[in-house]
Every structure is written in structure tokens, then in C-alpha cells.
Amino acid sequence: MRHPKYYLYLNPEEYRQLLYALVEFKNKLYCAGRYTEPIHEPLIKISKATVLYY
């Protein structure tokens with residue numbers, strides 16, 4: 001069964017904040033010696049996403 005697709009509509013400021021939050025979270029996990037692989041997939045998907053300015 002396929003997973004449903006979800007769409008986020010973000011302005012450029014929200015997009016930037018989302019990317020920074022994911023990178024900060026990944027860095028905190030890395031510093032704590034924890035596994036960071038689950039953060040890579042959403043980080044890559046969001047960084048490759050098309051940003052529409054409205």
C-alpha cells in the first residue's frame with residue numbers, strides 16, 4: 001500500500017527555519033553520540049523541494 005503524499009506550503013522564511021531546525025537537531029544528536037540517519041531523509045527531501053514564492 002502506498003503512503004499518502006503530504007504537501008507543505010511555506011514562505012521562504014519558514015522554509016529557512018525548517019532547514020536550520022533539522023540541521024540543529026541532527027547536530028545535537030551527533031554531539032550526543034546518537035544515530036543521525038533518520039534525519040537525513042527528511043533533510044534531503046526538504047532541501048530538494050521546490051520553493052514557490054507567494
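Colleague: Let's start with Pro38: buried or exposed?
Modeller: Pro38 counts as exposed, because its relative accessibility is 54% and the cut-off for exposed is over 50%. Keep in mind that this is a predicted model.

Colleague: Okay, on to the helices. At what angle do α1 and α2 pack?
Modeller: The angle is about 160 degrees, and the axes of α1 and α2 are 10 Å apart. That makes α1 roughly antiparallel to α2, because an angle over 145 degrees counts as roughly antiparallel.

Colleague: And is the crossing of α1 and α2 left-handed or right-handed?
Modeller: The crossing of α1 and α2 is left-handed.

Colleague: Which residues in α1 meet α2?
Modeller: On the α1 side you have Tyr15, Leu18, Leu19, Leu22, Val23, Phe25, Lys26 and Leu29. They meet Ile39, His40, Pro42, Leu43, Ile46 and Ser47 in α2. Sorted by class, this contact of α1 with α2 has 11 nonpolar residues, 2 polar ones and 1 charged one.

Colleague: Let me pick one from that list. Is Tyr15 buried or exposed?
Modeller: Tyr15 is buried: its relative accessibility is 16%, and buried means under 20%. Tyr15 has its place in helix α1. The C-alpha atoms of Tyr15 and Ile46 are separated by 8.4 Å, although the two residues are 31 apart along the chain.

Colleague: What about Ser47, which residues does it touch?
Modeller: If you skip residues up to four places away in sequence, Ser47 touches Tyr15 and Leu19. Ser47 sits in helix α2, and at 42% relative accessibility Ser47 counts as partly exposed.

Colleague: And how many residues apart in sequence are Ser47 and Leu18?
Modeller: Ser47 and Leu18 are 29 residues apart in sequence, while their C-alpha atoms are 9.8 Å apart in space.

Colleague: Let's look between the helices. Where is Thr36 found?
Modeller: Thr36 is in the loop between α1 and α2.

Colleague: Is Thr36 buried or exposed?
Modeller: Thr36 is buried, because its relative accessibility is 15%, and that is under the 20% cut-off.

Colleague: Which residues is Thr36 in contact with?
Modeller: Leaving aside neighbours within four places in sequence, Thr36 is in contact with Lys26, Leu29 and Tyr30. Lys26 and Leu29 also turn up among the α1 residues that meet α2.

Colleague: Switching topic: how many salt bridges does the structure hold?
Modeller: There are 2 salt bridges. One of the pairs is Glu13 with Arg16, where the closest N and O atoms are 2.4 Å apart. Glu41 also forms a salt bridge with Lys45, with the closest N and O atoms 3.4 Å apart.

Colleague: In which helix do Glu13 and Arg16 lie?
Modeller: Both are in helix α1, residues 12-31. Glu13 and Arg16 are 3 residues apart, about one turn of the helix.

Colleague: And what separates Glu41 and Lys45?
Modeller: Glu41 and Lys45 are separated by about one helical turn, because they are 4 residues apart in helix α2, residues 37-47.

Colleague: Are Glu41 and Lys45 buried or exposed?
Modeller: Glu41 is exposed, with a relative accessible area of 51%, and Lys45 counts as exposed at 57% relative accessibility.

Colleague: Last one: how far are the C-alpha atoms of Gln17 and Lys5 separated?
Modeller: They are separated by 22 Å, with Gln17 and Lys5 12 residues apart along the chain. Gln17 itself is found in helix α1, and Gln17 is partly exposed, with a relative accessible area of 45%.

Methods
Residues numbered from 1 in each chain as written. Predicted model: local features only at pLDDT ≥ 70, side-chain atom pairs only at ≥ 80, totals over all residues. Heavy atoms only, no water. Salt bridge = Lys/Arg side-chain N within 4 Å of Asp/Glu carboxyl O. Helix = DSSP H or I, 4+ residues; strand = E, 2+ residues; numbered from the N terminus. Buried < 20%, exposed > 50% of the residue type's maximum accessible area, 1.4 Å probe, protein only. Axes fitted to C-alpha atoms, helices over the stretch in contact; angles between N-to-C directions. Parallel < 35°, antiparallel > 145°, perpendicular 65-115°, else oblique. Left-handed = near helix turned anticlockwise from the far one by under 90°. Contact = heavy atoms within 4.5 Å. Nonpolar A, V, L, I, M, F, W, Y, C, P; charged D, E, K, R; others polar.
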